[in-house]
Amino acid sequence: MSQPSPPDIQFWRRTIARTRRRVNLGWWLEWLGPALLLAGVVGACAVLYLRSTSWDKSAPWMAYAAGGVILLVLAATWLLARRRFLTDEQAMVRLEAQLRLDNALTAASRGLTEWPPAPEANKVVDGWTWNWPRLLGPPVVSAGLIAVPFFIPIRPAEGVTVRPNEPMAWQEMEKWLEDLEEEKIAEPEKLEEVARQIEALRENPPEQWFSHSNLEATDSLHESLERSMSELERNTAEAGMTLSAMAKFGSELSPETAERLAKEFAEALHGLETGSMPMDQALMGELRKLTPEGLKKMDPKAAQELAQKLSQNREALQRMLCQCKKPGEGDKEGLLSEAAILRMLGELPGKDGPGQGGVARGRGDAPMFHEDEESNLATKNLQRAENLDLSRAAPGDVVGLAEAEHQLDKSPDNVQAGGSINSTGKGGGRVWESDLLPDEKAVLNRFYK
Amino acid sequence: MPHPTEADLAIHTAEVRRLLDALNGVLFGQERLVELVVTGILARGHILLEGLPGLGKTELVKGLAKALELSTKRIQFTPDLLPGDITGNPVLQEANGRREFVFQPGPLFANLCLADEINRASPKTQSALLEAMQERRVTVLGETHTLPQPFFVLATQNPIELEGTYPLPEAQLDRFLFKLDVRRNDVATLQRIVENRELGVEPELKPVMSREALLGIMDAVRTIYLPEVVANYIARLVDATHPGQSKASASIKYGASPRAALSLASAAKARGLMAGRINASFEDVQAVAVPVLQHRIILDYNARIDGKTNAGVVGDLLAEVPVQSLAVPKTLKESQPAVTA
């Protein structure tokens with residue numbers, strides 16, 4: 001056996017390696033074709049979806065995602081195709097079978113004979129050509145699949161990111177705050193504080209707006225604000241009524257009655273000043289000037305105007321509160337008219353008032369007696385009793401008494417037209433059933449800590 | 001087993017070439033047949049020649065016997081031929097005052113046995129050849145007699161459709177390495193025969209290869225390198241002859257035996273040596289596949305009705321079974337292989 005010629009060996013090794021690479025590339029491309037078609041379909045769906053949403057075309061993640069998908073497809077198809085890849089020896093056999101070399105390459109690789117002489121042009125046509133339709137078809141179709149959705153007219157769906165409606169209690173409270181500020185009824189600082197609390201609730205993620213804790217806080221804030229407004233309305237009404245009575249009947253009142261009225265007026269002013277929702281400072285300043293001596297010397301017309309202003313504020317507060325009054329709740333509950341006040345004080349005789357006693361007493365109904373107007377024994381005036389030391393409070397203990405109650409839906413169940421709403425609700429029955437006031441919650445938190 | 005050197009191969013190839021030339025000199029227009037017969041001889045195989053009378057079958061065998069300087073016996077098979085007539089019989093002889101049976105060898109005891117019109121003998125007589133062909137020995141009355149080396153049976157038969165013939169049993173057919181169809185000559189060959197031959201005069205043929213040289217070449221054939229991929233191709237080709245193993249096998253009732261695979265390998269090696277190669281190749285297997293396999297497969301009834309032939313079905317198998325079991329990606333397509341110079 002003669003020695004093989006090195007150039008022949010190199011030539012055939014090169015040719016074998018080229019055949020191996022070509023066949024292996026062919027296998028890879030064969031797997032890549034269907035994968036590209038699949039990726040094209042998925043890509044087309046993705047483009048359609050993204051175009052139907054308000055997508056940001058300049059977002060870099062899209063380029064990264066597209067590149068990642070392409071790399072993934074390339075790697076996956078390479079791994080799948082690897083099972084069919086040829087080794088050098090298999091490529092050599094395929095090459096010699098194609099060239100009908102009588103297995104001369106195999107025998108030469110075993111060292112049994114010489115390598116066949118290399119062709120003069122050093123070029124072998126190994127009998128394979130690329131199947132271009134099969135090669136180009138999948139990528140072209142895939143590119144077309146991805147391109148077509150760009151030309152389909154699609155209007156992005158607007159408002160896909162739907163923000164849920166806010167709890168109606170927020171809007172109601174904000175309306176109150178707006179009206180209070182507009183009417184200059186309450187102190188702006190207090191209003192801003194409530195507004196900040198509402199804003200703090202709103203800053204929670206929308207999906208948590210209707211969570212149990214959020215609705216509890218909302219209801220608590222709503223009740224607190226409503227209670228403050230009621231307190232303000234009651235004090236305003238009392239101050240207004242007292243002032244009006246003093247303005248109208250100031251000269252006719254006995255000194256004791258005038259003193260009592262002045263005292264009541266002073267108490268009402270104190271309530272307006274120190275209540276949970278103080279009165280607007282401008283009006284408060286004018287009222288504060290009205291000392292008992294000042295009241296006597298005050299121009300009745302000016303006093304009447306001031307009383308009128310208080311009355312307007314009271315009516316505005318009533319209007320606001322009436323919007324949330326439940327059916328059956330009286331508008332003037334706990335309030336007395338000017339005449340009623342005077343009758344109660346014994347300054348006005350007549351059937352509407354209680355008698356003064358004595359022989360010369362006229363007709364008068366005793367309190368709790370049947371009459372047209374309800375007797376006001378001031379039994380419904382709640383006084384706040386507060387336990388300031390809650391460190392040892394336990395569930396079941398009374399932590400305080402406050403003029404507050406849980407929001408109960410007292411609207412009657414009636415037949416109603418379809419689509420109409422009787423009660424807008426404030427979060428559902430489950431909330432108020434387990435509703436607790438802030439102090440109660442604080443006790444529970446402390447107890448179970 | 002060491003493989004032969006290229007120098008040895010060159011000597012053997014030259015001797016084989018001289019033998020082919022000598023045979024082609026007496027049998028005109030049958031180069032392919034002559035090549036296959038010599039291939040079969042070098043592969044130590046028995047050969048069945050099938051063809052109509054007068055096509056040169058017997059002439060070829062006789063020419064081969066002359067060219068190889070081998071002892072030759074001819075057996076004309078007839079329906080009344082008995083097994084003992086070909087294997088030999090014990091004959092009662094008297095020697096030294098004693099009578100004893102002495103085995104008298106039959107015509108099988110020769111290097112080259114021409115079994116003329118083998119399908120005219122009864123199956124019983126045909127079966128007498130089984131042991132001789134496979135094991136190259138004969139057993140008569142419990143006594144085994146070894147046949148001379150080399151031993152070949154070159155049988156001829158008329159197409160089995162002719163009257164007065166008995167189809168060879170499958171077991172015996174399987175023992176023939178090749179079944180060769182002897183076809184009629186074309187006009188040019190007939191003219192050459194007419195111009196160069198006389199009726200009743202046998203052509204002269206000088207010996208071109210000694211018995212020892214033949215045995216040496218036959219030994220060299222066994223050392224020819226059979227690549228693993230070629231062996232795999234042979235195995236897959238034979239497996240594909242069995243029903244259900246390939247599309248072409250739908251026409252086949254019974255497939256080829258392992259002996260067919262051995263025969264293919266041996267014939268491919270012999271052909272490789274004749275081509276001066278140190279290895280057998282896919283092309284060698286393809287070249288000898290039809291003569292090796294066509295008599296070893298049995299077509300089913302429908303295929304025969306459809307006019308399919310055994311050789312045609314083997315051709316279909318060759319077209320169907322790739323030389324390498326690995327598939328080719330569809331992104332590549334085969335073009336005409338060519339080596340550009």
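This is a predicted model: local features need pLDDT of at least 70, side-chain atom pairs count only at pLDDT 80 or more; totals for chains, interfaces and linings use all residues.
Residues are numbered from 1 along each chain as its sequence is written, while chains are lettered from A and ligands numbered from 1 in the order in which they are written.

**Chain B overall**

- Chain B holds 14 helices and 13 strands. Helices (H or I, at least four residues) and strands (E, at least two) are DSSP runs, numbered from the N terminus.
- Chain B has 341 residues, and 42% of them count as buried. A residue is buried if 20 or more other C-beta atoms lie within 10 Å of its own, exposed if 12 or fewer, and partly exposed in between; C-beta atoms are placed from the backbone.
- Take the contacts in chain B between residues at least 6 apart in sequence: 78% join residues at least 24 apart. Two residues are in contact if their C-beta atoms, placed from the backbone, lie within 7 Å.

**The five-stranded sheet of chain B**

- Five strands form an open sheet in the order β2-β5-β8-β1-β9 (chain B), with parallel pairing. Its edge strands are β2 (72-76) and β9 (176-181) of chain B, each pairing on one side only. From one strand to the next, the twist averages 15 degrees.
- Two strands pair if DSSP finds at least two bridges between them. Strands of a sheet pair through backbone hydrogen bonds, either parallel or antiparallel.
- β5 (residues 112-116) and β8 (residues 152-157) of chain B run parallel and are joined by four bridges. Here B:A115 has B:A155 in β8(B) as its bridge partner.
- α3(B) packs on this sheet and touches β1, β2, β5 and β8 of chain B. The direction of α3(B) makes about 170 degrees with that of β5(B). Axes are lines fitted to C-alpha atoms, for helices over the stretch in contact, and angles run from 0 to 180 degrees between N-to-C directions.
- α2(B) lies across β1 (46-50), β8 and β9 of chain B, at about 175 degrees to β9(B).

- α3 (residues 57-68) of chain B has 12 residues and reaches 17 Å from its first C-alpha to its last. That is close to the 16 Å expected at 1.5 Å a residue. The expected span is 1.5 Å times one less than the number of residues.
- α3(B) is mostly covered, with 10 of its 12 residues buried. Among them are B:L60, B:V61, B:L64 and B:L68.
- B:V38 sits in α2 (residues 31-42) of chain B. B:V38 counts as buried because 24 other C-beta atoms lie within 10 Å. Not counting residues up to four places away in sequence, B:V38 touches B:V16, B:L19 and B:L20.
- B:V38 and B:L64 are 26 residues apart along the chain, and their C-alpha atoms are separated by 8.6 Å.
- α10 (residues 228-239) of chain B also has 12 residues. Its buried residues are B:V229, B:V230, B:Y233, B:I234, B:L237 and B:V238. They pack against α3 (88-98) and α4 (104-109) of chain A, together with α11 (258-274), α12 (282-293) and α14 (310-320) of chain B.

**Where chains A and B meet**

- 33 residues of chain A are in contact with 28 residues of chain B. On the chain A side, 17 are nonpolar, nine polar and seven charged. Ala, Val, Leu, Ile, Met, Phe, Trp, Tyr, Cys and Pro count as nonpolar, Asp, Glu, Lys and Arg as charged, and the others, Gly among them, as polar.
- β2(A) and β12 (residues 332-334) of chain B run antiparallel, joined by three bridges. The bridge partner of A:T129 in β12(B) is B:K333.

**Backbone details**

- B:E69 is found in the loop between α3 and β2 of chain B. B:E69 is partly exposed because it has 17 C-beta neighbours inside 10 Å.
- A:R100 has a positive phi of about 50 degrees although it is not a glycine. A:R100 lies in the loop between α3 and α4 of chain A.
- A cis peptide bond joins B:Q149 and B:P150, with omega about -10 degrees. B:P150 lies in the loop between β7 and β8 of chain B.
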